[in-house]
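Open the model in a viewer and keep the selection panel at hand.

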Amino acid sequence: MTRIRAGLMAQILVISLPTSALELDLEEVFSGLGVPVSVTHTGDARIFVTFLDGRVLIVENGSVSGQPFLDITDRTLGDGRGLWSIGFHPRYQENGYVFAHYAEVDTGDSIISRFRLSDDPNELDESSEAVLLRMPKTNQVHYGGQLRFGPDGYLYASTGDSTGRSGGPDPGCVAQSPDSLEGKILRLDVDQGSDAPPFHTSPDDNPFVDSGRPEVWALGLRNPWRFSFDPEGGDLWISDVGHERREEMNFLHASTPGGANFGWKVM
C-alpha cells in the first residue's frame, strides 16, 4: 500500500445511463471472420482486423483480402491467448512501422514487437520483427494487450496482472509495484533508440524513470483489455476487466501527469 502515490489516485467512473438513452443504428460492414479482437486503420479505405490466432486481415469496400497483412500464427501461444492488437506508427506512411502485442508460443511471454512494411503495401515483412519488450508472465493470463499511440507521439501499451480467478486476485500485488511491468499502462518512445536493441527508450517524464521500471506510466490495473484516446481532447479512457462482480471504465484527463494509480488490488 505504501507504493500508492498520494494525490495521483486515478478516477474510477460510476456511470448511470439516462432513461432516454441514445438510439443507434447498426450497419454490418463485414461478417464471417471468426474471432476478431481489434480493428484499426491508417486513414485510407482499408480496415485492419486483428485476430487472436495471430493474423491481421484487410477489409476494403466490404471485401476481405485473401492475403494476411500479418501472419504470426506460428509465434502466438493459442488457446485464447495470441495476438491482441497492432498499432501504426504516426509516420507509418514514411517508415512503414507497425507494432504488435502478442502472447508468445512456448514461453507464454508477453511480447511487444515492431514490424516493417514489405515492398507490398498490403503485407508486413514478418522477418523484420524487432522485439521492444519481453515480459515474462507469472501466470499465462491477463495480458492486457492494447497498443495505441498517444497525442504526444509515444506508444502506450496495456498489461495485465497475470492472475485470474483460479490464482486469486494478484497475490504478489504486482499491479501496485513500479518495479513490475504487469498491471500497468506503459509509455514508450519508439523513435529514440529505434535503430538498435531494445529499439525504444523511456520518456524522461515517465514517473518511475529513477525509482522503478522506466516504461511504467500508470499502475494499479487488473486486466486493461482496451483503452482509447479521445481524438479531440486527448483524454485517456481505459476499460479494465473486473474481479467477480464489477467492471471498470477509468478516465485520465489529458493533463494528468504520469504515476496515476487505479487502485487494484488495494481497492
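Buried here means under 20% relative accessible area, exposed means over 50%, and partly exposed lies in between (1.4 Å probe, protein chains only). This is a predicted model, in which local features need pLDDT of at least 70, side-chain atom pairs count only at pLDDT 80 or more, and totals for chains, interfaces and linings use all residues. Residues are numbered from 1 along each chain as its sequence is written, and side-chain values use heavy atoms, with hydrogens and water left out.

Select D74 and R75. D74 is exposed at 56% relative accessibility, while R75 is partly exposed at 21%. Their side chains form a salt bridge at 3.8 Å, N to O (a side-chain nitrogen of Lys or Arg within 4 Å of a carboxyl oxygen of Asp or Glu).

Next, select the open antiparallel sheet, with strand order β11-β12-β13-β14. Strands are DSSP runs (E, at least two residues), numbered from the N terminus, and two of them pair if DSSP finds at least two bridges between them. β11 (147–149) and β14 (216–219) are the edges; each has a single partner strand, so one side of each lacks a neighbour in the sheet. Three bridges join β11 to β12 (residues 155–158), and R148 has Y156 as its bridge partner in β12.

Now select R187, which is buried at 3%. Its side chain meets D152 in a salt bridge at 3.1 Å, N to O. D152 sits in the loop between β11 and β12, 35 residues from R187 in β13. R187 also meets D205 in a salt bridge, at 2.8 Å. D205 lies in the loop between β13 and β14, so this pair ties together parts 18 residues apart in sequence.

Technical notes. Helices (H or I, at least four residues) and strands (E, at least two) are DSSP runs, numbered from the N terminus.
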